[in-house]
Amino acid sequence: GLIFLQYFDEEIEIGETSYNLKKFNTFQLINGVDPTYAFGSSYVEFYNDNLFLATSEGKITFTKNLNLKKLIFKEIESNFKKIVKYDKFYDYNDLTVKDLFIFRNKLYLSYSNLVNEGCYNTSILVADLNFNFLKFKKFFEPKDCVKKNNPDLEFNAVQSGGRMFQFKENKILFTTGDYRYRKLAQDLNSTFGKILEIDLENGDYKIVSYGHRNPQGLYYDKDKNYIISTEHGPMGGDEININFEPSKNIKNFGWPLASYGEHYSIKEGKDKPINIKKYEKYPLYKSHKKYGFEEPKKYFVPSIGISQLIKVDSNQNETFFITSMKAKTIFKFKFDDQLNIIDESKFLIDERVRDIIKVNDNKIVMFLENTPSLAILEKR
């Protein structure tokens, strides 16, 4: 299992609300989703009074008591390594678990899947929730994959999506990135660069929206029928996107034709041959709406390394916490009934926030991946 020891306890303010912030550190995690910056990565989920934690290499643990100074997570044995067999997954690299989701007593795990030699996608495993043993099987495994030597001559498994969230009628939403083979985000025959609707009974899927680079934050409001998602831009251009009435028609959010960021290679100069060619293919227009795409509700230049989001509580129906990795900050956004931003505030958490979940209206749990640590925010 895993042991987290409390090392921080302070009162903080986020906007006009007071919280108690506690941090719990572990020395037992050494593998991160982004090996350049993350010294340990995990995803968290709360289900039936248990806090579950899935590490980046596929270890599933849980604990019941969050009110102690030592949090002890018990590991659940599984057949994960018998399904995800390729050695590189267990190295310190960007091929990892991408999210944890529990629904109707089934545990879903998204991960970097090796389809064939040098060709990857983001797939989902499922197991009946059993505290003695998790017998995983493949639930959603797209046929298409991105080769490391794809025509764009770039590959990045960090840019892979993987977020899951409950949707309507026995379905879930699932995000996928483009793995930096950019043109796939505009290809309706590809599963890459999309938000998908997946049927939990048979694994069939439909495209809900496309033109996404790397959506890593996801929430569906069933009462008001909208999806709010967050998405990593390139160099600048992180986005908050809202999809109203998502089943009405398939929305296009513009990547890689429109973005408020720039290609990373721009640092070498826009007149360089590599950039002339890249901007001819992927121009990154500085408007979405002008070219027929959905405009982001908000964008960030420079990028904040945007990650997961939660609706804060039942009494503030349009108030969200949106977390970040590069900025190491929690952003609080208030929206009006038309989901226009009417107020925002922020708090420096001083670590990369990989994941955030709501336990109840007063308690929030985050995973911080620099130390690495669990953080518990409790409203005062």
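**Sheet and pockets**

Mentor: An open sheet is formed by 4 strands in the order S17-S18-S19-S21, with antiparallel pairing. Strands are DSSP runs (E, at least two residues), numbered from the N terminus, and two strands pair if DSSP finds at least two bridges between them.

Trainee: Which are the edge strands?
Mentor: They are strand S17 (215-221) and strand S21 (298-300), each of which pairs on one side only.

Trainee: What about the source and numbering?
Mentor: This is a predicted model, in which local features need pLDDT of at least 70, side-chain atom pairs count only at pLDDT 80 or more, and totals for chains, interfaces and linings use all residues. Residues are numbered from 1 along each chain as its sequence is written, and side-chain values use heavy atoms, leaving out hydrogens and water.

Trainee: How many bridges join S18 to S19?
Mentor: Strand S18 (residues 226-231) and strand S19 (residues 238-244) are joined by 6 bridges and run antiparallel. Glu231 has Glu239 in S19 as its bridge partner.

Trainee: Changing topic, which residues lie nearest the centre of the largest pocket?
Mentor: Glu45, Phe165, Gln166, Tyr219 and Lys358, out of 33 lining residues. A pocket is an open set of points on a 1 Å grid over the protein atoms alone, where a 1.4 Å probe fits, with protein on both sides within 12 Å along at least five of seven lines; lining residues have an atom within 4 Å of a point.

Trainee: Which strand gives the most to that lining?
Mentor: S7, with 5 residues.
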